[in-house]
Amino acid sequence: MGEMTTIPAGNVERFPLVENARAVSDELAKLEVMIKAACPEATAIHFDFDGKLRVRIDVHSRDDVAAIQKTLPGLGGGGLFYGLTLGATPHSPFHHRVSALVDR
């Protein structure tokens, strides 16, 4: 086994305080409220980030998908949600998913 080394006292610095630590969470909450108001039929709303922010909206019916396709691009004055894609919801065979990139 390897040897344990100790860190000399006084050499460990604290992380700097972040002034707006909740700014990202607050912005995502605002986006979620906007989507819920425009898409009340959504069964789930999720955000992913992999270099770009993406929203995933799951619904029950294809009619709901069509309504979201029409509504989502106009939210927030237009241009906020773009690059819409449609697909199945993994592990939920009775749901449909609308995904979009978020310009934030």
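Two strands pair if DSSP finds at least two bridges between them. Strands here are DSSP runs of E with at least two residues, helices are runs of H or I with at least four, and numbering starts at the N terminus. By that rule, four strands form an open antiparallel sheet in the order β1-β2-β4-β3. β1 (44-49) and β3 stand at the edges with a single partner strand each, so one side of each has no neighbour in the sheet. From one strand to the next, the twist averages 20°.

This is a predicted model, in which local features need pLDDT of at least 70, side-chain atom pairs count only at pLDDT 80 or more, and totals for chains, interfaces and linings use all residues. Residues are numbered from 1 along each chain as its sequence is written, and side-chain values use heavy atoms, with hydrogens and water left out.

**Chain overview**

The chain has two helices and four strands. Along the sequence they follow the pattern α-β-β-α-β-β. Of the 104 residues, 25% are buried. Buried means under 20% relative accessible area, exposed means over 50%, and partly exposed lies in between (1.4 Å probe, protein chains only). The accessible surface comes to about 7,800 Å², and 56% of that belongs to carbon and sulfur atoms. These areas come from the Shrake-Rupley method with a 1.4 Å probe; for residues, only the protein chains shown count as cover.

Contact means heavy atoms within 4.5 Å. Among contacts with a separation of 6 or more, 43% join residues 24 or more positions apart.

**Strand pairing**

| Strand pair | Sense | Bridges |
|---|---|---|
| β3 and β4 | antiparallel | seven bridges |
| β2 and β4 | antiparallel | six bridges |

Individual partners can be named. Thr89 has Ser92 in β4 as its bridge partner. Arg54 stands opposite Leu101 in β4. β4 is mostly covered, with eight of its eleven residues buried.

The hairpin of β3 and β4 has two residues between the strands. His91 lies in the loop between these strands. Most residues other than glycine have a negative phi. At 82% relative accessibility, His91 is exposed.

Axes are lines fitted to C-alpha atoms, for helices over the stretch in contact, and angles run from 0 to 180 degrees between N-to-C directions.

Glu32 sits in helix α1. It is partly exposed, with a relative accessible area of 28%. Beyond its neighbours within four places in sequence, Glu32 contacts Ile45 and Phe47. Glu32 and Phe47 are 15 residues apart along the chain, and their C-alpha atoms are separated by 9.0 Å.

In α2, the buried residues are Asp64, Val65 and Ile68. Seen down the helix axis, they fall within an arc of 105°, so they line one face of α2. The arc is that of the directions from the helix axis to the C-beta atoms. An α-helix has 3.6 residues a turn, so residues three or four places apart point the same way. The cover over the buried residues of α2 includes β2, β3 (81-89) and β4. On the other side of α2, Arg62, Asp63 and Lys70 are exposed.

**Nonpolar core**

A nonpolar core is a set of buried Ala, Val, Leu, Ile, Met, Phe, Trp, Tyr and Cys residues joined through side-chain atoms within 4.5 Å. The largest one has 17 residues. Those with the most contacts inside it are Ile35, Val55, Ile57, Ile68, Leu72, Phe81 and Val102. The elements giving two or more residues are α1 (23-38), β2 (53-59), α2 (62-71) and β4 (92-102). Which element gives the largest share of this core? β2 does, with four residues.

Leu72 is one of the residues with the most contacts in the core. Not counting residues up to four places away in sequence, Leu72 touches Ile35, Ile57, Phe81, Leu84 and Ala100. In soluble globular proteins, nonpolar side chains tend to be buried together.
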